[in-house]
Amino acid sequence: MVQLVAERVQSLAVGGVKELPEQFIRPAHERPENSKAVEGVTVPVISLSQPHEVVVQEVAKACEEWGFFLLTDHGISPALVRRLQEVGEVFFGLRQEEKEAYANDAASGKFEGYGTRMTKNHDEKVEWIDYFFHFMAPPSKVNHGVWPKNPPAYREVTEEYNKEMLRITDTLLELLSEGLGLEGKALKTVLGGEEIEVEMKINFYPPCPQPQLALGVEPHTDMSALTLLVPNDVPGLQVSKDGNWFAVNYLPNALFIHVGDQLEVLSNGKYKSVLHRSLVNKERTRMSWAVFVVPPQETTIGPLAKLVDDQNPAKYSTKTFADYRYRKFNKLPQ
């Protein structure tokens with residue numbers, strides 16, 4: 001039986017499609033032209049070079065009000081980020097057959113590899129995106145067999161970037177713990193300690209003939225605890241606050257930090273999982289490198305006992321991350 005390869009969005013774009021195929025056209029209320037972002041308001045920008053107490057306060061405030069902030073002075077070398085972006089760009093520039101050798105099969109539970117967000121239900125709209133997804137940590141979860149062999153530097157660069165992501169994740173979880181009035185290691189411990197899983201997703205949004213009708217990624221919250229993202233310089237990310245969309249401008253050398261669902265649950269709603277979406281561009285390819293920090297599947301996640309009392313009852317149920325993930329994928333109530 002021949003396995004049908006999903007039509008890749010990049011192939012459509014390269015093929016010079018002039019009109020957006022029907023399955024990409026969003027319902028009227030979701031189209032960027034009908035749900036414009038508020039102008040002139042900037043998202044929080046936080047420098048790690050400030051005194052520790054100041055950073056704790058600023059991070060907690062940003063996570064309570066926005067669930068999102070840009071992190072600067074984080075110590076990751078701009079040269080490393082450029083190399084990370086270069087190896088990703090080279091992979092997506094390969095011949096289609098070479099990329100297809102890495103095709104994933106989400107339907108059979110094989111999520112790692114090269115993919116396109118296509119939905120099984122024909123009535124559902126699809127997103128203007130191709131991607132590459134794989135684990136970076138812990139070592140027990142890493143399968144280098146699914147990592148791109150071309151360009152040859154991919155593995156070395158990505159492993160170096162992973163070390164930086166682990167370092168920054170530790171820093172952020174410590175700041176976030178202190179912002180909740182807990183001791184520094186509290187969140188890391190409950191999320192799985194050294195077994196915390198780190199996933200890389202390279203998002204590729206090729207030029208779109210009618211960007212005002214499409215979305216690169218539809219509005220969603222991440223099921224991670226944290227997402228650490230670097231984009232290229234093509235804007236497109238928008239975050240929601242108080243029912244409005246806000247465009248996130250590109251800031252060179254900044255890390256884009258998203259609070260995910262697991263942190264909202266652990267903090268009993270004090271930190272907000274940010275609703276966000278991604279727009280696409282008519283002329284230019286947008287790319288982003290998203291790193292998801294998630295607990296191991298069997299980890300039980302619920303509101304932390306120290307944050308729950310008679311005045312603040314638990315707002316969320318306690319369940320394993322595997323169960324949470326299953327419910328979120330299948331749009332079941334949590």
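Me: Which residues form one aromatic cluster?
Reply: Phe 91, Phe 92, Tyr 102, Tyr 114, Phe 132 and Phe 204 form it. Rings of Phe, Tyr and Trp (its six-membered ring) pair if their centres lie within 6.5 Å; planes under 30 degrees apart count as stacked, over 60 as edge-to-face and the rest as tilted.

Me: Before going on, what kind of model is this?
Reply: It is a predicted model, where local features need pLDDT of at least 70 and side-chain atom pairs count only at pLDDT 80 or more, while totals for chains, interfaces and linings use all residues. Residues are numbered from 1 along each chain as its sequence is written, and side-chain values use heavy atoms, with hydrogens and water left out.

Me: Back to the rings. How many aromatic pairs are in the whole structure?
Reply: The search finds 13 aromatic pairs. One of them is Phe 91 with Tyr 114, edge-to-face, at 6.0 Å centre to centre and 75° between the planes. This pair links distant parts of the chain, with Phe 91 in helix H3 (residues 78-92) and Tyr 114 in strand S3 (residues 113-116), 23 residues apart. Helices (H or I, at least four residues) and strands (E, at least two) are DSSP runs, numbered from the N terminus.

Me: Is Phe 91 buried or exposed? And Tyr 114, buried or exposed?
Reply: Phe 91 is buried at 2% relative accessibility, and Tyr 114 is buried at 0%. Buried means under 20% relative accessible area, exposed over 50%, partly exposed in between (1.4 Å probe, protein chains only).

Me: What about Phe 133 and Phe 135?
Reply: They also make an edge-to-face aromatic pair, 6.3 Å centre to centre with 65° between the planes. Phe 133 is buried at 11% relative accessibility, and Phe 135 is buried at 12%.

Me: Which lysine has its charged end over the ring of Tyr 131?
Reply: Lys 201, at 5.1 Å from the ring centre. Lys 241 lies over the face of Trp 66, 5.2 Å from the ring centre. A charge sits over a ring if NZ of Lys or CZ of Arg is within 6 Å of the ring centre and within 35 degrees of the ring normal.

Me: Salt bridges next. How many does the structure hold?
Reply: It holds 20, a salt bridge being a side-chain nitrogen of Lys or Arg within 4 Å of a carboxyl oxygen of Asp or Glu. Glu 30 and Arg 26 make one of them, at 2.8 Å from N to O. Arg 26 is buried at 2% relative accessibility, whereas Glu 30 is partly exposed at 21%.

Me: Which residues are in a network with those two?
Reply: Arg 26, Glu 30 and Glu 218 are linked in a network of salt bridges.

Me: What does Lys 185 bridge to?
Reply: Glu 174, with the closest N and O atoms 3.4 Å apart. Lys 185 lies in the loop between helix H5 (154-179) and helix H6 (186-190) and Glu 174 lies in helix H5, so the pair ties together parts that are 11 residues apart in sequence. Lys 185 is partly exposed at 46% relative accessibility, and Glu 174 is partly exposed at 30%.

Me: Switching to the backbone. Where are there cis peptide bonds?
Reply: One joins Ala 137 and Pro 138, with omega about -5°. Another joins Asn 150 and Pro 151, with omega about 5°. Pro 138 is in the loop between strand S4 (130-137) and H5, and Pro 151 lies in the loop between S4 and H5.

Me: Which non-glycine residues have a positive phi?
Reply: Among them are Asp 242, at about 55°, and Asn 253, at about 65°. Asp 242 is in the loop between strand S8 (237-241) and strand S9 (244-247) and is exposed at 68% relative accessibility. Asn 253 is in the loop between S9 and strand S10 (255-259).
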